[in-house]
Amino acid sequence: MGGAHHTSHGNHHGHGHHYGHGHGHHHAPSSHGTAFGIAIALNSLFVVAEVVASYLSGSTALLADAGHNLGDVLSLLLAWGASVLAARPAGPGFTYGLKSSSILAAIANAALLWVALGAVLLETIRHLWIPREVDGPLVMAVAAAGIVINVASALLFARGRKTDLNLAAAFQHLMADAVVSASVVFAGLVIFLTGQNWIDPVTSLVITVGLAWGSWDLLKDAVKMGLLAVPRHIDEGSVRTFLNAQPGVDAVHDLHIWGMSTTESALTAHLVMPQGNPGDAFLHGLAHELEQQFGIHHATVQVETTFADCSLHQGHQH
């Protein structure tokens, strides 16, 4: 490629972690380890309690709640492990470190949730055909405890959910569990008052379908990140317009924007600047603006004086 080649790295002034808009400097791996530990311990104990209570009470609604809670425990374990791996420094063979492990965890989390929901759905359908007698008061007591545990666990991730897809997933799952537990309490009350045992599997079915519907966006986001799509909080067209509007820039090509992890985004681009070298101040300022305006933390820009000698401009000029 001809012309002057320069790179500007957006990490020279620190790493701002963004899932949505905003520019605070958050480090989920170090600040949420305790939250993960507490939430995993509480929910693991509660899953065991719900499975036992489901067996004793004959309630598939409790089993549905337990299945979702088990999915959350596994999700929290994966997210915690990914946050620890993502904090490791870059080194030979992994020049970005292990940041993308958080994306793999997000995909696995969504997949595990759907597997758990599928298993519960099969059990629910079986009980729809052959309803069992349900101990309403026991169902109510256990589900009420679930509301307290899930809300308390969710609050541990409330602050970090806006900056990390994995923390957002943890918060969403735990709050959904609290809503599920509330519906199970209501179902237990209705069963106790009416003696209609079919209400339990119907409640379980509604819970399962509702959770699957609610988690669809999370699954799509995770898969898109795995496919190196532009993060949804970044408008690719606006970024291109911003780069084209820079002084001395005649054209932009080979622009790529992707998520390095669930908290950090990267960009590479070629800028055609016929006047030649714009200087380090321009490049550093450009990287700073990309982070502040778009939440792009690692910007690498190559400056060229002409399209002619760049083999990458074909198919990438828009």
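Student: At roughly what angle do the axes of helix H3 and helix H4 cross, and within what distance do they come?

Tutor: Two packed helices are described by the angle between their axes and the distance between the axes. In this predicted model, the axes of H3 (residues 60-86) and H4 (residues 101-129) come within 9 Å and cross at roughly 170 degrees. Angles over 145 degrees count as roughly antiparallel, and H3 and H4 are therefore roughly antiparallel to each other. Among the residues that make the contact are Leu63, Gly67 and Leu78 of H3, together with Ala105, Leu112 and Val120 of H4.

Student: Which residues of the largest nonpolar core touch the most other members?

Tutor: In soluble globular proteins, nonpolar side chains tend to be buried together. Here the largest nonpolar core has 21 residues, and those touching the most other members are Val239, Leu243, Leu267, Leu271, Leu286, Leu290 and Ile296. Helix H9, strands E1, E2 and E3, and helix H10 each supply at least two residues of this core, with H10 giving the largest share, five residues. Leaving aside neighbours within four places in sequence, Val239 is in contact with residues including Ile257, Leu267 and Phe294. A second, separate core of 19 residues includes Leu117, Ala143, Val184 and Ile207.

Student: In what sense do strands E2 and E3 pair, and is E3 largely enclosed or open?

Tutor: E2 (residues 265-272) pairs with E3 in the parallel sense over seven bridges, and Leu271 has Val303 as its bridge partner in E3. With helix H10 (residues 280-294), these two strands make a right-handed β-α-β unit. Six of the seven residues of E3 (residues 298-304) are buried, so this strand is largely enclosed by the rest of the structure.

How values were computed:
Residues are numbered from 1 along each chain as its sequence is written. This is a predicted model: local features need pLDDT of at least 70, side-chain atom pairs count only at pLDDT 80 or more; totals for chains, interfaces and linings use all residues. Side-chain values use heavy atoms; hydrogens and water are left out. Buried means under 20% relative accessible area, exposed over 50%, partly exposed in between (1.4 Å probe, protein chains only). Helices (H or I, at least four residues) and strands (E, at least two) are DSSP runs, numbered from the N terminus. Two strands pair if DSSP finds at least two bridges between them. A crossover is right-handed if, with the strands pointing away from the viewer, the path from the first strand over the helix to the second runs clockwise. A nonpolar core is a set of buried Ala, Val, Leu, Ile, Met, Phe, Trp, Tyr and Cys residues joined through side-chain atoms within 4.5 Å. Contact means heavy atoms within 4.5 Å. Axes are lines fitted to C-alpha atoms, for helices over the stretch in contact, and angles run from 0 to 180 degrees between N-to-C directions. Angles under 35 degrees count as roughly parallel, over 145 as roughly antiparallel, 65 to 115 as roughly perpendicular and the rest as oblique.
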